[in-house]
Amino acid sequence: YDEYEEDEEDEGWDMHAFCPAMDAALEDVVDESHPRLVSIQRGSSVLAIEGRDSLAAAYMSLCESRAVIDGEPRCGSWGSRSEDVRIRVAIRQKTVAHAAFEAYFRAAFLEELLKYLAVRRVLFKDRVVDCGGLIVYGLAAGAGFATAENIQYTLRGGLMVALTRMYVSIPLHCCTGLIIGIHLGYRKFIGSPFYCLLTLLIPVLIHGTYDFVLMLPTATNLPEDLRAALAVVALLIGLLYSRCTWLPLDKVCVVNVRKMEREGLISTPRCCCLECDCFSAWLTHQDPLAEERYKSMSDTETFSLNRKETLLSSTFVSLCHKARRGFRKVFYAILPPRPHCQTVKARCPGCSAKVRASLM
């Protein structure tokens, strides 16, 4: 290093010079992988490098003169500084397929699955009786994950990274969490058969597409401005989808949760570790209050409430029951039975609009 500094001052040697081809290749290097030295060539001498020991041997072999210092052979001279030394390096570079796997599975699917599990655990709690509250739970799951991820990126990349992610990445996580909450709201408050895979499908596609256009290798020659524009388009599509799917849930009447809590109709929320069903809540597929309400109703009332929805999905439900017959416990979390709908069609007493009123 000292020798290079002297040359830089005296002979114009650029200590910070780099190989343009190597610099371009390293932009697409796979995370947590390192370039591997394959061979070194000096003049007519070419030496294959298979490991650290062979690298040390190659250094000695390429020396012009050797000397023994403190009983160990050392390189005395490398000869002329103007002579080229060529190296061959093997690098694991990203491909389009690698970018797709990283974006749609490693990033989108696993992150959205974590948000889904967070909201799914409270879906059939007796205190989740307000549709708007469930949607807010989904939004909170997305915002919580975005906060934790943003702290990690800020520690690694600095404040500018946090400011950049503030306008795009954090809204993306909130949007996909919101969609998960809306889909689960369809299942509980409208009675639609939104299962686990279907609930995750749209968030994973939106999140994965956003990440995919940003993770594409530079070899695709896609301009940076176009990448950013496509990522913003994916976010806008997600926001538009969440708004359109939210509209049917707008007809579900608001429930005064605090009043029901004061009257002892629902349980008081506690820390997860203090609840008996902290882990078994993921395996619950019916709302306890709705189940009790349906049991207290006569068969005629139950039939009239669910006749239309049952007829529309009777074929689908029968096929699901047949598919689950042999592997019920394996696929129960993916294709659970349709829960009792917690709302019924009604007329608003104030404006006579068609709404869905809570059974509670």
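Residues are numbered from 1 along each chain as its sequence is written, and side-chain values use heavy atoms, with hydrogens and water left out.

The mean pLDDT (the predictor's confidence in each residue, from 0 to 100) of the protein is 76. A value of 70 or more is reached by 66% of the residues. Confidence is highest in helix 9, with a mean of 93, and lowest in helix 1 (residues 2–10), with a mean of 45. Helices (H or I, at least four residues) and strands (E, at least two) are DSSP runs, numbered from the N terminus. Residues 1–10 have a pLDDT below 50, and beyond near neighbours in sequence this stretch has 13 contacts in the model; contact means heavy atoms within 4.5 Å. The pLDDT is also below 50 over residues 307–313, a stretch with five contacts beyond near neighbours in sequence. Where pLDDT is low, the predicted coordinates should not be read in detail.

An open sheet is formed by three strands in the order 2-1-5, with antiparallel pairing. Two strands are taken to pair if DSSP finds at least two bridges between them. Strand 2 (45–48) and strand 5 (85–90) are the edge strands, each pairing on one side only. On average, neighbouring strands of this sheet are turned by 20° against each other, direction ignored. Axes are lines fitted to C-alpha atoms, for helices over the stretch in contact, and angles run from 0 to 180 degrees between N-to-C directions.

Strand 1 (residues 36–42) runs antiparallel to strand 2 and is joined to strand 2 by four bridges. Ile40 has Leu47 of strand 2 as its bridge partner, and Arg42 has Ser45 of strand 2. The two strands form a hairpin with two residues between them, and Gly43 in the turn has a positive phi of about 65°. Strand 1 also pairs with strand 5 in the antiparallel sense, over six bridges. Here the bridge partner of Arg36 is Ala90 in strand 5.

A further antiparallel pair consists of strand 6 (residues 343–347) and strand 7 (residues 354–358), joined by five bridges. Val344 has Ala357 of strand 7 as its bridge partner. Six residues lie between the strands of this hairpin, and Ser352 takes a positive phi near 65°.

Among the helix contacts, helix 4 (residues 96–120) and helix 8 (residues 196–215) have axes that come within 8 Å and cross at roughly 135°. Helix 4 is therefore oblique to helix 8; angles under 35 degrees count as roughly parallel, over 145 as roughly antiparallel, 65 to 115 as roughly perpendicular and the rest as oblique. The crossing is right-handed. A crossing is left-handed if the near helix is turned anticlockwise from the far one by less than a right angle, and right-handed if clockwise. The contact of helix 4 with helix 8 has 17 nonpolar, four polar and four charged residues. Ala, Val, Leu, Ile, Met, Phe, Trp, Tyr, Cys and Pro count as nonpolar, Asp, Glu, Lys and Arg as charged, and the others, Gly among them, as polar.

Helix 4 also packs with helix 5 (residues 131–157), at an angle of about 135° and with the axes 9 Å apart. Helix 4 is therefore oblique to helix 5, and their crossing is right-handed. Residues in this contact include Glu111, Leu114 and Lys115 of helix 4 and Tyr137, Phe145 and Glu149 of helix 5. By class, the contact of helix 4 with helix 5 has seven nonpolar, two polar and three charged residues.

Helix 7 (residues 169–190) and helix 9 (residues 224–246) pack at about 25°, and their axes are 10 Å apart. The two helices are therefore roughly parallel to each other. Their crossing is left-handed. Among the residues making the contact are Pro171, Cys175, His183 and Tyr186 of helix 7 and Leu235, Gly238, Ser242 and Trp246 of helix 9. The contact of helix 7 with helix 9 has eleven nonpolar, four polar and no charged residues.

Key: This is a predicted model: local features need pLDDT of at least 70, side-chain atom pairs count only at pLDDT 80 or more; totals for chains, interfaces and linings use all residues.
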